[in-house]
Amino acid sequence: MSETKKSNVQLDEQNITTPPEQAIDAIMPEQVTEQDNAQEAVTAEPATDNEAAIAEESRPVTREEILSRIEAIAQEEDVLNCKAEVESLKVQFYRLRTIELDAARKEFVAEGGEETLFIPAPDTLEAPFKEAMNSIKAKRNAWLKAQEEEQEANYAAKLELLAQLQQLVEKAGQGTPDTAEFKSVQARWKEIKNIPQAKVADLWKQYQLLGEQFYDVLKINHEFREYDFKKNLEAKSRICETAEALTTDEDVIGAFRQLQQLHNEFRETGPVAPELREEVWTRFKAASTIINRRHQEHFEGKKEQERVNLEKKTALCEEIENIDYATLTNYQAWNTATDKILELQAQWKEVGFAPQKMNLKIFERFRAACDEFFKRKSDYYKEVKSSLAANLEKKKQLCEMAEQLKESEEWKETADKLTQLQKEWKATGPVAQKYSDALWKRFVAACDTFFERRNAQTSSQRKSEQENLKQKQAVIEAIKAIDTTAEESEQVKQLNTLIAQWNSIGHVPFKEKDKIHKEYKESVNALYERLHVNATERKLADFRNNIAKGGNSLQRERDRLIRQYENLKSEIATYENNLGFLNASNKKGQSLVDVMRQKMEKLKGDAEVILKKIRLVEDEMEKTL
């Protein structure tokens, strides 16, 4: 028997002693590795998306900034990783456009326009924005198409390698193994990476099966198999060590990403000795579990922090929304409130992200509350500015009116007018600070000019009034000094003389007028009471003294008294006529009759007094002829 045939026989005998089940069991850990890696890679996807989506706070805040950022992304080669940002910018771009249109529509209506007639201004930013978006979309589609083409090409290449492996298995079965070609096919298989995800598992099973078949069918010698196991063990041990080092890496996310690459390497590396396969896989899986758990805990902690951040941001929104605008009635109040808003905005920036699905909503709520505050502040300042302008025009008019009156010589009337203007000045609200002092000095100068002129003119009059005061005080003392032991007629004569003297004295200072007149009346009435002069005689005495001045006023006074007398006679006749119709048969009727008679008697008394006054006036008129 030749050496070649002897060797082949030995290989057959050696392989016969190894049950087929052992070869099948030997590849099981590798199959588990494939399934577990795929499962863990899937569980990591949501966290990766969450990480990529967190970027709201640093995004542009105006449509121009959004357009600039989109155009910059359109110039980049790798646009696939910017998908989340591009979608967020697109939503924000059209949301801000909607806000602009609402604001323009409200302004149009506020200026008197009808809302249905509102025509929005052309959007000059939309065309370049769409152009940049189309460019990004085209690049992304081209990249995806290239990826699909590459994956399909890689899939076709691996199918071709599987066909080659099948041929090598068949050749090995015929006793002509080609291990060099087998290693070459393995190397080329590892070089080909991306294939359609749906075909990975099936393709890998075929490759693994053909590989095992190659080893089984070839009945490869023990040394070659052990050497291959040894090299694979070294590679997988290195992979395990790298994974174990990642379990303490502070960069949890980076460690998770590296783990995905290690899983690919572990899966692509060939089998180890059957008795070590479970041990090696368990070691690698333990490290993978720790890394996956740390990755999950990292995002769970971030999720809890985001929940706390949402509560803080909600509280900031509520604090601004609960501002009582009714209390903001002056500049100081608005400035204090503005400082508070700026402080809350600074606190907002210090708070981290909220949950992804709420982050944009809570930001829009906060921004809307701030916008409402600053809009109300702007409206208040516009209203105050308008009020200041109206007050300025009013005070200018008051200055002009005061300047027109400052040269007047109608002292009493002009003084009253200026006093009224001063009251209007006080009632008029404030003006801008830059006009306030100048206007006030102008107004005061006009008022002071008039009152200084009036004071200079009336200084002699005040002296005369003081002298008149002294004379009237002397008359009062003279009335009090009348000798009460003299004849009553003599006392009345002296009193009438003093009354006439009192009436001939001019004005006294205004503030002394009521006081001196009250003292005069008390002294006169006191003397009348001692002389038992009734009220009618007192009135006639006063009247006699008042008409003693004579002149043209006597005729007017006589005419006035005659009209009064005629009116009283007519009223008395009316009462007499009414009394004739009243029935006094009962108590109520009698009471009404008594009241009417009392009124009629009083009217008759008044008529008698007026008639005597008329005679006094006529006597005085005869004296002047």
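Predicted model: local features only at pLDDT ≥ 70, side-chain atom pairs only at ≥ 80, totals over all residues.
## Overall architecture

The chain contains 20 helices and zero strands. Of its 625 residues, 34% count as buried. Among contacts between residues at least 6 apart in sequence, 78% join residues at least 24 apart.

## Packing of α10 and α11

Two packed helices are described by the angle between their axes and the distance between the axes. For helix α10 (residues 252-268) and helix α11 (residues 274-321), the axes come within 9 Å and cross at roughly 150°. Angles over 145 degrees count as roughly antiparallel, and α10 and α11 are therefore roughly antiparallel to each other. Their crossing is left-handed.

On the α10 side, the contact is made by V252, I253, A255, F256, L259, L262, H263 and F266. Helix α11 contributes V280, W281, F284, S288, I291, N292, R294, H295, H298 and F299. By residue class, the contact of α10 with α11 comprises twelve nonpolar residues, five polar ones and one charged.

## Aromatic pairs: Y94 and F129

A pair of aromatic rings is described by the distance of the centres and the angle of the planes. Across the whole structure, a search finds 22 aromatic pairs. One of them is formed by Y94 and F129, with 5.8 Å from centre to centre and 85° between the planes, an edge-to-face arrangement. This pair links distant parts of the chain, since Y94 belongs to helix α5 (residues 83-110) and F129 to helix α6 (residues 126-173), 35 residues apart.

The two partners can be described by their accessibility. Y94 is partly exposed, with a relative accessible area of 29%, whereas F129 is buried, with a relative accessible area of 1%.

## Aromatic pairs: Y325 and F373

The ring centres of Y325 and F373 lie 6.4 Å apart and their planes stand at 35°, so the pair is tilted. Y325 is placed in the loop between α11 and α12 (331-350), while F373 is in helix α13 (residues 356-405); the pair therefore ties together parts that are 48 residues apart in sequence.

Residues count as buried under 20% relative accessible area. Y325, at 17% relative accessibility, therefore counts as buried, and F373 counts as buried at 0%. Both residues also belong to a cluster in which ring pairs link Y325, W334, F373, F374, Y380 and Y381.

Technical notes: Residues numbered from 1 in each chain as written. Heavy atoms only, no water. Axes fitted to C-alpha atoms, helices over the stretch in contact; angles between N-to-C directions. Helix = DSSP H or I, 4+ residues; strand = E, 2+ residues; numbered from the N terminus. Parallel < 35°, antiparallel > 145°, perpendicular 65-115°, else oblique. Left-handed = near helix turned anticlockwise from the far one by under 90°. Contact = heavy atoms within 4.5 Å. Nonpolar A, V, L, I, M, F, W, Y, C, P; charged D, E, K, R; others polar. Phe/Tyr/Trp six-rings, centres within 6.5 Å; stacked < 30°, edge-to-face > 60°. Buried < 20%, exposed > 50% of the residue type's maximum accessible area, 1.4 Å probe, protein only.
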